[in-house]
Structure formats: structure tokens, C-alpha cells
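Open the model in your viewer and keep a selection tool at hand.

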Amino acid sequence: MKDDPRNTQSRVKGAAHDSLIHDSAIKHVTGQAEYVDDITEPAGCLHGYIGGAGIAHGRITALDLDAVRAAPGVVAVLSAADIPGRNDVSPTGLMDEPILTGDLVQYHGQPVFFVVAETRDLARRACALARIDYDRLAAAIDIDAAEDAGYPDVTAPLKLERGQVDAALASAPHRISGQMRVGGQDHMYLEGQIALAVPGEDDEVTVYASTQHPSEAQHMVAHALGVPSNAVVINVRRMGGGFGGKETQMNLFCALSAVAAKKLGRAVKLRPDRDQDMEITGKRHDFRIDYDLGFDDQGRILGVDGVFAARCGWSSDLSGPVTDRALFHADNAYYYPAVKLRSRPLKTNTVSNTAFRGFGGPQGVIAAERMIEEIAYALGRDPLEIRRANFYRDGGDITPYHQTVEDNILHRLVDELEASSDYQARRKAVLDFNAARGVIRKGIALTPVKFGISFTATWYNQAGALLHVYNDGSIHLNHGGTEMGQGLYTKVAQVVAEAFQVDIDRIKITKTTTEKVPNTSATAASSGSDLNGMAALDACNQIKARLVEFAARHWGVDADAVQFLPGHVAVGAQMVPFNEFIHAAYMARVQLSAAGFYKTPEIHWDRAAGKGQPFYYFAYGAACAEVSIDTLSGETRVDRADVLHDVGRSLNPALDLGQVEGAFVQGMGWLTSEELWWDDAGRLRTHAPSTYKIPLASDRPRIFNVRLADWSENVKPTIKRSKAVGEPPFMLPISVFEAIGMAVASVADYRECPRLDAPATPERVLMAVERLRG
């Protein structure tokens, strides 16, 4: 009976909700996974390198490239005049991001020319021979300098407002104002930016790229070449990490390689070295946050007024939606009865900052947690008490953007984590330890996360999929989502396996390509599984509906008598193996291919009014972190972290756990060790692993307990009632940052909020300790 497909215990291998390994896991660890740089180069393939500006701001008065052209192995040198179509790759359509600048330099390293040579090394060496003269202009490198110089916003700022903020602040029993600076972060993907362009006949070109947004790369290449989008194909099998850094930043590399390939009639590969990659690609936005906060004797927030100024860089890129999302998450888990939030997306003479895991949300969340911390220190209370006092209530409270918070499971999450992490006893132990006034001090914090899921640009909330069932019963799956290690391909294949009740081994997962699914959205905003999983399911349902109709007609049964069971299709009392059933359908000329589509329902957003429902649902989580700091050196260590995270009904618990663990460690890096540093001349000095410090395996929490809230199920009809997992857990290590703050505050007996800026590097921790001691 165990093998009988009618047996309720009989299951297909790799269905939805199973813990299955990543489809490329074995290939990853054995070196068999093929990335763009592993593709066999076409005969005559050339290599490119970008020549950048040597100043941060100024005008080019003379450009002498004769020595570059004469250098060994150089085949061509392209400048702005050689772009046959539109010299722009701005994703917002503001036409403010030239591929190659022809006159105005707006940041150090900005692409000025492109060298194509027989080898990458020859192209790189030739770049150094260029002679460029400039009329230098004053440069504004950071937020304060940009404001002082009167620099404009790169895009229109946003204001969210609800209630009478001024009156609430004026009448509040307690009022605190302060400022917090939050640093940026480099994506530090293992596979750098890369594009391989292969010219085709007529106006056609195929580009193999490491991009999260194939359709946008397709459009940008088409614009640069002056051809329609149907002449350009972008192929992406996998990326070696993305984290948002390959959402728009790849456009430059795709466009340059494609323009050169079409001009020369030969394949061109562009792969910058790590230094140049870091110097000319955007980062997480760093913010300066000014807040004015009113609260009562119980610690309940009465009013919040906040200004979120961001270093956006030289062009708009995605800074508008990034700073918008910072405001969307400036409440985190807390209800503000009266609130006014404003963004300042400031232009600076630095690389244009871009998407990064969380997309502005982390900067908003950490501001909310700073305000909670301020209240707790002012009232001498446990910050967890203040957090609970301000949690949203389910179904009644409204966010600053006027969306009602529904399905709020934070109360249960936090209660459960408080108990499982033994928070209260450990907090007492930390206080007792610090009372000894030793060199080593400890801190502990439990922080929540509420994160909205959907693209705030509503039109991106759509996806397509293409599904073929071949007459031998094998299945070919393609969709618009891209795989960057997160397991999207595996999850969507599991959805298809469950729909047809076949083992996942029967499904061939294929590369993302603009040839098969058009007009795709970026794999971003934690929406990959939500969108593409539903599109694939739609394709499955179309084919299944045809198959049910065929079976009912062919075998003379009611449609209700046709069931898909593990490896078989039940037609009345008859069990037909899936292979035979599909072959019979083929012989009866049943269409076995379908294009699926999905668009997220219910969402809407009026940016001008600052009102709407930009998010389909919220994902929740909580983390408890305990740290130790050395008050003589400022060094920190994470002793323990306990995490409880909400992914709804997980599509793949093993992959989701990996996403939560990875996000936590990456977020720790953002908040403790990863510091971007530009000198006064506008040169990025932290442009390699030798100077830019990402977390290592030795930096992970000594005790690391991570659990999924397996009792959670999305109340919205998402794919299999799951929730997004990519971005929400990135904010969990704010608990580490808050715990470091408590350890620092202990040197002054917790009388004062330490007001640490992020990242809490050893230097910043040490300076805070000395300031509080003084």
C-alpha cells in the first residue's frame, strides 16, 4: 500500500514545503556550476576595460587617447561619441546616467572611455595611458557637504504624515530630539559584475550577464544600440550573489560590451577587477536621520517627526524608491499616533547608490529602534517593555502611509522568543556581570521586525512563466525570476512538482532568458517566489485543465473523477502512469504548453498624497542577541543569537533557514564592521577585501539558534501560503547593535543613551565608552 498513489502517505519527491537542497548545491561545492566567466569564449573573443575619471567633480577640457589606441593588443577605444543610440542607462528614465561621460565628471572613477583588446590585462594596462585634462570643480562627498553646497535632491522627496505632529510633540510629557548616522554597505558578491556580448546577424545581439533584472538590461542595451528590444537577448543561468547590486548596476556593463561587440563584429567580455567593481558600482545608501520624539510616562510614543537624508550619489538610480521605503519602515513594529516623516535624497559627488537587501527598509527600522532605546534610557526601563508598549495592534492601527496593519503576529513571536531565549534571566545575569565594573562589558537586546512585501512601484508586481510538458512526461520550466543562490529556481520547481504530482527530478530548470518570458520584473523586493511561483502555478493549472477535459472525454468519466496523484493520474477507478497519460494526451493533440501570469492584487499607492496600500502583507521576525565588548579596545563579540522568523508556510524550510542565517550575518557586517570610506578627493579607499571588512565565519554568533515560526501561515493567498524571506531577516541583527549599545551604556550605569552611529566599529565603540566615562 505504501507505493499506491492513492495512499495518503504516498508523496512525490520534492513537493512544496519539503526541505530540499538547492538545485545547484552539489555543482557549487564541486566547481561544476557554470557562471558567465566559465562559458567557453567564442572564437576571436575580445576583452574590455573601463577608463575612469581621476577627479570627483569637474569638466573634461582635453581627452587624448592616442597612446591608448597605440598600446599593444588594443583593437578599439570607445568614447561617448561612439554610442550609436542613447547614451544613458538610468533606470528611472530621468536621463541622468550616461554610459560614458563626454564632458562633466561627477564622481571619481566615472567611466570616460572603454578599451577593447585581445586580453583583459592588455586592455587594463592601455587604460593607464590616457591623458585627461580637467577644469576642477568643488566636490560634495557626503550629506553634510551636499547640504552646505546647496546640492539638489536627485529625485522628488517624499512626505508621510498622519495626525497633528506639532501639537503631539508640544504636549508630550517627555520629548527627545537627536541625530543618528547609518553607514552604507558594499554588496561584496563573490562573482563580480560581468557581461559577455555575442553579436548576431542584422541588429541582433545576445548578452550573457550576471544580472537580477534581465528585461531592464535588455531595454538598456537596445537603447544604447538604437534597436528595438526584440533584437536583444539577455541570458542568466545563475549569479554568484547579487543582494541588489545587480539590479541596475549591470546595465553599464551589458551596454558597453554589446556596443563594442556590434561595432567590431566579435564577442566582447567585460569583467572589471574587484577594485574597479567596488569603485564604480553603487552601494547601500548611508543616512543621516534627525528625529524629534514625544512620549508619556509609560513609554508610549505620542508623536514622531523625522527627516531621513541620504547620500544618493551622482544620479537618481533607485534612490527615490530606496528613500521612500526607508520612510515606510521608520515605524518598524510600532504605532505612532501622530507622525511626520520626510526624505532628502541628496545628490553627492560619489558613485550612485542603489538597491541593497532591504532597499532602505533597514535604515528606517534602525531609526525606530533608536527611538525606542532613547525612551528606555530616559525612563530607566527595559527596552523590551517599551517595545511591547508601542507594538501595533492587529487590525486597527494605521501606518504613517495609511495602511492598516493586519495579521500582526509579533506579540506571539516576541513572547515565544523571550521564553525560548531565556531573555529575562540572561538580562539579569548581564546586569550582574556589568556591576563588577570589569574591562569586558556585556549587553543583551531583543528586537522585532515588521517588513512590507511588494514592489512600491506597483507595475513591477507581475511575473510570467513558460511551461512545457513533453510527450515523454518530462517538464521544462522557465520563468522571469533569476537565481543568485537564494534557491528561487528550486522553490518554483517544487511548486510545479506538487501541481502535477511528479518527482522534482522530472522537471528541467532552465536559465532565465528574455527570449522566453518578456517584460519581467527584477528579482528583488523579496518577491521572487511570490510572483514567479504563482505565475508557474498558473501555467500548471492551464495545462491541467486541458488534461482533465481530455481525460473526461477520452475515458468517459466526470471531470471530478480525474485526479493527479503521485506519479499517476486517477481516471475514475483506473490509475494511469503520468508518462502514459501525457503521451495519450499528446496523441489526442492536447496543447501541453502554457504561458502563466500573475499580478499581485489589492496593492495601490499614491505617492503625491503619501497614502495607499503599497504592501500586500507583512513578514515578521524577532531576534535576541547577547554581546561582549572590550572597553580598552572597542572590540566586540557576539556571544549568542536566538532568532524566530516568520516565513508563513515555508516552501522549503532548509532554504529559508539558510536565508535567515545568511541575512543575519550580512546584517551584522553592515552594523559592526563594514565601513565605506572616501577621502577628501572623493576616492573610495575601501575598495578591496584588504580594506573593506565583511564578516568571516569566526564572526558568527558563538551560539546561533535559528528557528522558523512553523505555526505561521500567510492569511493572504500567496503561493502555498508562504511569505517572503530574502530581506526581512536582514534587520534581525539590529539586536546585536542594540546589545552593543547596552554594553557601552553600562560604563555610565545606563543613565544615558549611548547614541552609537552605525557601523559600531571598534573605533566608534571605544570613543563612545570614553565619552560616557568622561
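Select Phe500, Phe550, Trp555, Phe564, Phe578 and Phe581: ring pairs link these residues into a cluster. Rings of Phe, Tyr and Trp (its six-membered ring) pair if their centres lie within 6.5 Å; planes under 30 degrees apart count as stacked, over 60 as edge-to-face and the rest as tilted.

This is a predicted model, in which local features need pLDDT of at least 70 and side-chain atom pairs count only at pLDDT 80 or more, while totals for chains, interfaces and linings use all residues. Residues are numbered from 1 along each chain as its sequence is written, and side-chain values use heavy atoms, with hydrogens and water left out.

The whole structure has 20 aromatic pairs. Select Phe328 and Trp605 next; their pair is edge-to-face, at 4.9 Å centre to centre and 75° between the planes. Phe328 lies in helix α9 (residues 319-328) and Trp605 in strand β25 (residues 604-606), so the pair links distant parts of the chain, 277 residues apart. Helices (H or I, at least four residues) and strands (E, at least two) are DSSP runs, numbered from the N terminus. Both Phe328 and Trp605 are buried. Buried means under 20% relative accessible area, exposed over 50%, and partly exposed in between (1.4 Å probe, protein chains only).

Move to Trp459 and Tyr460, a tilted pair with 5.8 Å centre to centre and 50° between the planes. Trp459 counts as exposed because its relative accessibility is 59%, whereas Tyr460, at 23%, is partly exposed.

Now show the cysteines. How many disulfides does the structure hold? There are zero disulfides, a disulfide being a pair of cysteine sulfur atoms within 2.5 Å. For Cys127, the nearest cysteine sulfur is that of Cys45, 17 Å away. For Cys753, the nearest is that of Cys624, 19 Å away. Cys127 is buried at 11% relative accessibility, and Cys753 is buried at 7%.

For the surface, select Leu632, in the loop between β27 (617-630) and β28 (636-645). Leu632 counts as exposed because its relative accessibility is 62%.

Finish at Leu431 in helix α13 (residues 423-435). Leu431 is partly exposed, at 31% relative accessibility. Not counting residues up to four places away in sequence, Leu431 touches Met742 and Tyr750; contact means heavy atoms within 4.5 Å.
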